[in-house]
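This report covers a single protein chain, its helix packing and its backbone exceptions. The sequence and the model are shown here.

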Amino acid sequence: IKKHINENVTLIGIVEGEPDIREKVIKLKIKIEGIDEKILITTRRYPEYQYGDRLKIVGKLEEPQIFEEREEDKSSSFPFAIAREFNYKNYLLKDGILAAMNFPEITFLGEDFSNPIMKLLFSFKNKLKESLNSTLSPPQSALLEALFFGDEENISKDWKEKFNLTGTRHITAVSGMNITIISALILNFLLFLGFWRQQAFYFSIILILLYILMIGAPASAIRAGIMGILFLTAQHFGRLSAGSRAIVFAATLMLAINPSLLELDIGFQLSFLAILGLIYLQPTFLDFFKRIPNLLQLRYTLSSTLSAQFFT
């Protein structure tokens, strides 16, 4: 595909993954037929396209750019501008996307050219979202969407800034915390329904894997899922579990599938750094804070927070 950058081309491809729906536009990952490479398309919000749709696309291929964002900091007595670089090319490259196309001419050629299991998972996810939005009003519904699915598009800019200022933005991204909560809920619910512990164990692993696929399999969720499954497996077979071995196993498995994560995916880097902090630095902080009362797990919470922050 790189040979045709800055050229007008005609392509036929399948929508891969869940469409990224914004207020005025929709972004589609397209897997091109015949050459098995991917591009990103930005098009108008309507008509909507779904996972598995087959499309004919006519437009100009472009190379993703490095953007510079400028933001004015008014928090001090002397306001100043902060410039940040965002390497959009590398951000897309980690997902195997080599080029982009803006507002091409699109012809719909058919549907259901997709994995039926993934289609079912995305449909189930959309129904859960509809249920949340009909039961709760913003910002609560938007926060729950972020907690369960990692989708932040419905959280307002004002609330995102509040999370940033209080250092709690991480709860809106799917990570080990979310996987731990989901795993505990699934396991306890299955035991409540009368499943034997062995049956509940196998069902829990399957449901955790399906959940990770449903939310788009971000690096942090895959890492947490692999480690969570390893810990459940160790518990199931009566073996000791070692966090350091689990994290090396998770990193090796993920990088064997996609080596570019190590360099290009900051989510991968921060996720592993945070958990390394918990494994290697938290015992030091626990010892340092031994005089602090452990009421409501205060000592444990403080030490885990600081150890993760130091490493990230």
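In H2, residues Ile117, Met118, Leu121, Phe122, Phe124 and Lys125 meet Leu210, Leu213 and Met214 of H6, where contact means heavy atoms within 4.5 Å. By class, the residues of this contact are 8 nonpolar, no polar and 1 charged. In this scheme Ala, Val, Leu, Ile, Met, Phe, Trp, Tyr, Cys and Pro are nonpolar, Asp, Glu, Lys and Arg are charged, and the others, Gly among them, are polar. Helices (H or I, at least four residues) and strands (E, at least two) are DSSP runs, numbered from the N terminus.

The model is predicted: local features need pLDDT of at least 70 and side-chain atom pairs count only at pLDDT 80 or more, while totals for chains, interfaces and linings use all residues. Residues are numbered from 1 along each chain as its sequence is written, and side-chain values use heavy atoms, with hydrogens and water left out.

Two packed helices are described by the angle between their axes and the distance between the axes. For helix H2 (residues 116–135) and helix H6 (residues 197–214), the axes come within 9 Å and cross at roughly 75 degrees. These axes are lines fitted to C-alpha atoms, for helices over the stretch in contact, and angles run from 0 to 180 degrees between N-to-C directions. H2 and H6 are therefore roughly perpendicular to each other, a term for angles of 65 to 115 degrees; under 35 counts as roughly parallel, over 145 as roughly antiparallel and the rest as oblique.

Helix H7 (residues 219–236) has 18 residues and reaches 26 Å from its first C-alpha to its last, close to the 26 Å expected at 1.5 Å a residue. The expected span is 1.5 Å times one less than the number of residues. The buried residues of H7 are Ala219, Ser220, Ala221, Arg223, Ala224, Gly225, Ile226, Met227, Ile229, Leu232 and Ala234. Buried means under 20% relative accessible area, exposed over 50%, and partly exposed in between (1.4 Å probe, protein chains only). Those residues of H7 pack against helix H5 (176–192), H6, helix H8 (243–257) and helix H10 (266–280). Just after H7, glycine 238 takes a positive phi of about 70 degrees.

H10 has 15 residues, which should span 21 Å at 1.5 Å a residue, and its end C-alpha atoms are 21 Å apart, in agreement. Its buried residues are Phe268, Ser271, Phe272, Ile275 and Gly277. Their cover includes H7, H8, helix H9 (261–264), helix H11 (282–288) and helix H12 (298–311).

**Backbone exceptions**

Most residues other than glycine have a negative phi, and most peptide bonds are trans. The table lists exceptions in this chain.

| Site | Feature | Value |
|---|---|---|
| Tyrosine 46 to proline 47 | cis peptide bond | omega about 0 degrees |
| Proline 138 to proline 139 | cis peptide bond | omega near 5 degrees |
| Asparagine 6 | positive phi | phi about 70 degrees |
| Phenylalanine 103 | positive phi | phi about 50 degrees |

Proline 47 lies in the loop between strand E3 (38–44) and strand E4 (54–60). Proline 139 is found in the loop between H2 and helix H3 (140–149), and proline 138 lies in the loop between H2 and H3. At 63% relative accessibility, proline 138 counts as exposed. Its C-alpha atom is separated by 9.1 Å from that of serine 156, 18 residues apart along the chain.

Asparagine 6 lies in the segment before strand E1 (8–21) and is exposed, with a relative accessible area of 54%. Phenylalanine 103, in the loop between strand E7 (97–102) and strand E8 (105–110), is partly exposed at 42% relative accessibility.

Isoleucine 14 is found in strand E1 and counts as buried at 14% relative accessibility. Not counting residues up to four places away in sequence, isoleucine 14 touches Lys29, Ile30, Lys31, Glu33, Gly52, Asp53, Arg54 and Phe113. The C-alpha atoms of isoleucine 14 and glutamate 48, 34 residues apart along the chain, are separated by 14 Å.

**The chain as a whole**

The chain has 12 helices and 8 strands, and its C-alpha atoms fill a box of roughly 65 × 60 × 40 Å along the principal axes. Of the 312 residues in the chain, 34% are buried. Among contacts with a separation of 6 or more, 57% join residues 24 or more positions apart. The accessible surface comes to about 19600 Å², of which 60% belongs to carbon and sulfur atoms; accessible areas come from the Shrake-Rupley method with a 1.4 Å probe, and for residues only the protein chains shown count as cover.
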